[in-house]
Amino acid sequence: MNPREQLPRWMKEYWDWHASITITAENKHNYKYLVIRCATVDDKCGGTADRLGILPAALVLAQRTHRLLYIYWSRPCDLQEFL
């Protein structure tokens with residue numbers, strides 16, 4: 001079974017909507033964003049579990065408020081290093 005088939009409908013619809021958006025310099029102000037950030041300039045971010053633990057709630061909040069969800073980690077290293 002495709003894992004996507006097990007997701008709730010609202011989540012599939014949100015991911016489809018999110019994937020359909022193309023941000024450009026001209027339209028970037030047409031959208032609202034929810035950003036989860038841990039940058040080198042931030043004093044405290046918590047550990048990996050603290051950062052990942054907020055993702056389910058952030059996803060629901062982004063969907064309900066019709067915002068694009070972005071995750072930006074650069075501390076202690078970029079997010080892709082964790083994944």
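This passage goes through the overall layout of the chain and then its aromatic pairs. The model is a predicted one. Four helices and two strands make up the secondary structure of the protein chain, and they come in the order α-β-α-α-β-α along the sequence. The C-alpha trace spans about 40 × 35 × 20 Å along its principal axes.

Of the 83 residues in the protein chain, 25% are buried. If we take contacts between residues at least 6 apart in sequence, 70% of them join residues at least 24 apart.

Now for the rings. Three aromatic pairs turn up in a search of the whole structure. In one of them, tyrosine 14 and tryptophan 17 have ring centres 5.7 Å apart and planes at 45°, so this pair counts as tilted. Both residues belong to helix H1 (residues 9–20), and because they are three residues apart there, about one helical turn separates them. Tyrosine 14 is buried, at 4% relative accessibility, and tryptophan 17 is buried too, at 18%.

Another tilted pair is formed by tyrosine 33 and tyrosine 70, with ring centres 5.9 Å apart and planes at 45°. This one links distant parts of the chain: tyrosine 33 lies in strand S1 (residues 33–38) and tyrosine 70 in strand S2 (residues 68–73), 37 residues apart. Tyrosine 33 is partly exposed, at 29% relative accessible area, and tyrosine 70 is also partly exposed, at 35%. Finally, ring pairs tie Tyr14, Trp15 and Trp17 together into a cluster.

Key
Residues numbered from 1 in each chain as written. Predicted model: local features only at pLDDT ≥ 70, side-chain atom pairs only at ≥ 80, totals over all residues. Heavy atoms only, no water. Buried < 20%, exposed > 50% of the residue type's maximum accessible area, 1.4 Å probe, protein only. Contact = heavy atoms within 4.5 Å. Phe/Tyr/Trp six-rings, centres within 6.5 Å; stacked < 30°, edge-to-face > 60°.
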